[in-house]
Amino acid sequence: VEHDEFMRVLAVNHARELEDLQMQANALTINDKYKEELQAQIASNEELKKKERQMYLEEGRRIREAAEMEKARLAAIKARKLKDLEDAGVPAKYRAELEKYKLQIR
């Protein structure tokens with residue numbers, strides 16, 4: 001009788017150990033899955049930040065390029081106007097203010 005009771009207790013303990021091991025394995029699987037999801041999310045966020053930064057830099061480049069083109073256009077207009085005034089015989093003292101005028105782009 002004692003031997004049967006001992007074997008029953010041993011079987012119950014063995015079953016509990018197996019159950020605990022299974023629960024630990026399940027917990028590890030869940031943790032690994034969560035870790036992979038977090039790493040994927042981090043990588044996605046980093047990629048998004050890189051794209052946003054690239055777009056920001058590209059926009060700045062386009063703005064500078066447009067400002068340079070506008071400045072060149074205004075410089076050409078100024079040069080043409082000064083030439084027209086000179087060709088029309090306007091004395092240099094009257095053209096001096098326009099010659100000194102600095103082009104400003106905002």
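**Salt bridges and overall form**

Colleague: What separates R61 and E58, which are three residues apart in helix α1 (residues 2-87)?

Modeller: This is a predicted model, in which local features need pLDDT of at least 70 and side-chain atom pairs count only at pLDDT 80 or more, while totals for chains, interfaces and linings use all residues. Residues are numbered from 1 along each chain as its sequence is written, and side-chain values use heavy atoms, without hydrogens and water. Helices are DSSP runs of H or I with at least four residues, strands are E runs of at least two, and both are numbered from the N terminus. Because R61 and E58 are three residues apart in helix α1, their separation is about one helical turn.

Colleague: How far apart are the closest N and O atoms of R61 and E58?

Modeller: A salt bridge requires a side-chain nitrogen of Lys or Arg within 4 Å of a carboxyl oxygen of Asp or Glu. R61 and E58 form such a bridge, with their closest N and O atoms at 2.3 Å.

Colleague: Is D87, the partner of K83, buried or exposed?

Modeller: K83 and D87 both lie in helix α1, four residues apart, and their closest N and O atoms are 3.1 Å apart. Buried means under 20% relative accessible area, exposed over 50% and partly exposed in between, using a 1.4 Å probe and protein chains only. K83, at 48%, is partly exposed. D87 has a relative accessible area of 55%, so it is exposed.

Colleague: How many salt bridges does the structure hold?

Modeller: The bridges of R61 with E58 and of K83 with D87 have been described. For the structure, the number of salt bridges is six.

Colleague: What is the radius of gyration of the protein?

Modeller: The protein has two helices and zero strands, and its C-alpha atoms fill a box of roughly 130 × 15 × 10 Å along the principal axes. The radius is taken over C-alpha atoms, and the globule rule is 2.2 Å times the number of residues to the power 0.38. A compact globule of 106 residues would have a radius near 13 Å, but the protein has 40 Å.
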